Amino acid sequence: MEALRQDDPRRFGPYTTLARVRESAVAVHFLARGADRDGLALVTAAWPALASVPAFRRRFRSEARTAERLAGGPVPRPDVSPEGDGLWTATAYVPAVTLSEAIGLAGPLPERAVRVLGAGLAGTLSRVHASGAVFQGLAPGTVLVAEDGPRLTAFGPLGAAAHAEAREGGQLSVRLGYLTPEQVEGQEAGPASDLFVLGLLLAYAATGTTPLADGPAEEAAERIAHGSAELGSVPVGLRALIAGCLSKDPADRPTAGSVAAELAPEGAADRAQGGWLPAVLAAAVTEQAARARALEPPAGPVDDGPRVPPVEERTPTDAVPTGAALPDGGAPGHVVPPGGGHDGDPGEDSRTTRFLGTGARTPRSDRATAQLTLPEEVTNTAPPRLPAAGPPPAQPYAHPAFTAAPPALPAAAPPAAAPRTGPVTGRRALLTAVAAGAAGLVLGGAAVAALGSDGSASATTDEKPTAEPRPALPGRPPEPRWTYARPAKAPAPLTAGVWQDRLLVLTDTAGATAVDLRTGRKVWERADAAGAQSVLTAGEDLCFLAAPTEFLWLSPEDGRIRHRVRFADQFDGVPDMKVAPLTGQSGSVLWFTGSHTVTVRAPKPKKGKKRGKDTQVVKAYFFAYDVVRRKEVWRVAVPAGRAPGTPAYRLIAARKADLVVRQDAGTLTPADVRAGQGKAVFRCFDRTTGKPLWNRRFGTVAPGGAAAGDQEGRLFGAVGDDLGAFETGSGKPLWTLNGTASSVFGTPVAAGALLHTTNRDQEVGAVERATGKVLWRRSTEVPAGDGCPALTLSGSGRTLLAADASQVTAFAAADGRRLWKFQDIGAPAPDGAAVTAPYRVLATGKTSVVVQRERAFYAFPVE
């Protein structure tokens, strides 16, 4: 860390710079203070010469949006510069040291610390792989070691680049580090490539050296491709796992999720509690935090915007002419630092990655990086085999973590797209091949970012509901049977439902659409079914839709409306009825609540007195309705809800003789809230007649707390941080599943003898319904948030799917094995709107599910 220079900006948006942290290949990093003056931030400002390259600028912003969606835990959430305010990101400052600094300070880490480190990194890799992307950003300089666990500061080759510069013609040259066996052979990197690098990092953390990477670079590349890793110094408990990661065949490497589970079954965060760093590292982090807090903004004029010196003004460190002869024994990544060496000694390379133990070498140009160009049309050719680059040496301790790599620049993954042809395919193939060769890559001004993944995806449309084929790779979800995307010009879906395992029916404010569940092709679209908010089955030959003012029955063949029942015509005595969202359905009977307003005339006044005012009173009812016979079964008067008066009931359990419901907390009147004293009131009705049977509270289950019932007369509800089971007939507690201070439970799902659970710690599990005995509990590896994953059981009952705002995670229902994860990053183009809608899973038959994220739908095979 050093004082700000004369030309350094004093402000980045709301952030006031305090000190210059370091320069990297693509940016300058500053420590800054936020507008509230309480929080510190690390601001990364791209070099203006690079920021002027369109491909870099698009990639920078696209990856920043990806970082926002993956933020949490080891991944910092970035604040991104607005358009016209330079190109920078800011993330919350966390006192930490880089992994290379940690090894230099403390030597090899103890096994517990390596497990925390590996579990945290693997968890993040798992989330990235679930999106279909490849990380390609792991290095000792991009991994930070903080008090509460590891942090990642680079997503993809841009963040972990050894060198980058803008060239004539609006091109960007990026030289990469780290190789894997498949990349040495010129093959494309995949999720398994990240696992190989993770194995190298874990071995480095455990021993202080990197397997396969010592000695001359050319020999190291050969060993990476064909040699055996010597792991004798690795702790016995980690040896088998690291050996699996370093398998030559990508198919033999474990998935990121399985690595995280093996290293820390309870999760990296839990394992890090109570301190996980050696004393010398903990002291270094504490000292760093104190020094950062003591900084104050320098005196002097405040600059209005970021002005970072252009790349051209910096002293070049690898100024060997293009095409110059390469001295024998030279290796990419070894350069003369500013000031050079003396007596012929080129000095240590302080800016680019190199292999441990190779020492400083004669300058050598990166011939492939210097000579590559990217015209509009390119021919896909195999890249040359080039030497590997490995982890940098441990640097002496000066000021920990202020030499960290730039904040997260993640590799954005496209959603499923139609097959690509022509120049775009050629550019992607060339760039990926160059990255695989680790020589570097050049992004032309006309190219769309292609660092690890192709950013130029087009979503599948109604006309082409097929997914782009992709190879089966470890760590990825199964290949979708089909994908379907609603056009951007169409309204967002209001709801989606499955009819008879044959159709996926979508509704929006413009109409209803049916998609064939076998092919993903649109079958029909009807504008006269607009506004429906529920999709149900009405017997074998009709699809039922519930709209705000009517019920509709549609033909599954062509979408024609066969029957239409307006509430005003069907339900006598309830004119202008307002209906809440449907309560639930069982067989051909559905339940819902409705209300209307009646005028109560004031009584006739006594002689000589004025007549009083008439009053408006809301009357509410709970209905049972047969959708096959199109006939009301019964109705019963119930208390009105909060204005406008319709209480919304949610079905808790539909049993043979009765049904149990609970009113949504948002429709409770103030009087109901006071009477409940913070507890939910459940209502039970006779299923045949609608007669109210009882109103009851269960423990301290709150009005908005999770609750579900089963056929055996049990009710399961969130009780504080725990999950409780109760006997509905008496309210008697049966068992309690204890949670932690933050593990508020969500709605469980009963299946056979099991009860599947979910909580805000992003854990799902299974317990015995009768006893509450825990059978398994697993993390989705998503950072803890305010909500719980929503659970869906496949038609076969063998696969449990957890959906949240970040991803869908599939588990084996019987034993909790993580099967796969899926994440659709969302925006198909760098300038497209970010998709923030949560995922939803619909079970379709016994062997498939449909995953929805707003307009996009994916059909996955499941067990």
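A salt bridge here is a side-chain nitrogen of Lys or Arg within 4 Å of a carboxyl oxygen of Asp or Glu. Welcome to these close-up views of a predicted model, in which local features need pLDDT of at least 70, side-chain atom pairs count only at pLDDT 80 or more, and totals for chains, interfaces and linings use all residues. Residues are numbered from 1 along each chain as its sequence is written, and side-chain values use heavy atoms, with hydrogens and water left out.

**View 1. Asp-8 and Arg-20 form a salt bridge.** The two side chains meet at 2.6 Å, N to O. Asp-8 lies in the segment before β1 (11–12) and Arg-20 in strand β2 (residues 15–23), so the pair ties together parts that are twelve residues apart in sequence. Strands are DSSP runs of E, at least two residues long, and helices are runs of H or I, at least four, both numbered from the N terminus. Both Asp-8 and Arg-20 are buried; buried means under 20% relative accessible area, exposed over 50%, and partly exposed in between, with a 1.4 Å probe and protein chains only.

**View 2. Arg-566 and Glu-550 link two strands.** This salt bridge spans 3.3 Å, N to O. Arg-566 belongs to strand β21 (residues 561–566) and Glu-550 to strand β20 (residues 550–554), so the pair ties together parts 16 residues apart in sequence. Arg-566 is partly exposed, with a relative accessible area of 42%, while Glu-550 counts as buried at 9%.

**View 3. Arg-635 pairs with Glu-632 in another salt bridge.** Their side chains meet at 2.9 Å, N to O, and Arg-635 counts as partly exposed at 27% relative accessibility. Elsewhere, salt bridges that share partners join Arg-486, Asp-508, Lys-522 and Glu-525 into one network. The count of salt bridges comes to 22.

**View 4. Helix α3 (residues 99–106) has five residues to look for: Leu-99, Ser-100, Glu-101, Ala-102 and Ile-103.** These are the buried residues of α3. The buried residues of α3 pack against β7 (96–98), α4 (111–130), β8 (143–146), α6 (191–207) and α11 (279–294). Just after the helix, Gly-107 takes a positive phi of about 75°.

**View 5. Helices α4 and α6 cross.** Their axes come within 10 Å and cross at roughly 165°; axes are lines fitted to C-alpha atoms, for helices over the stretch in contact, and angles run from 0 to 180 degrees between N-to-C directions. That makes α4 roughly antiparallel to α6, a term for angles over 145 degrees. Among the meeting residues, Leu-121, Ala-122 and Leu-125 are in α4, and Leu-195, Leu-198 and Leu-202 are in α6. Contact means heavy atoms within 4.5 Å.

**View 6. The largest nonpolar core has 53 residues.** A nonpolar core is a set of buried Ala, Val, Leu, Ile, Met, Phe, Trp, Tyr and Cys residues joined through side-chain atoms within 4.5 Å. Leu-99, Leu-138 and Leu-198 touch the most other members. Helix α6 gives the most to this core, with eleven residues. Not counting residues up to four places away in sequence, Leu-198 touches Leu-121, Ala-122, Leu-125, Leu-138 and Val-259. Apart from this core lies another, of 21 residues, among them Tyr-15, Phe-30, Ala-46 and Ala-51.

Methods
Angles under 35 degrees count as roughly parallel, over 145 as roughly antiparallel, 65 to 115 as roughly perpendicular and the rest as oblique. A crossing is left-handed if the near helix is turned anticlockwise from the far one by less than a right angle, and right-handed if clockwise.
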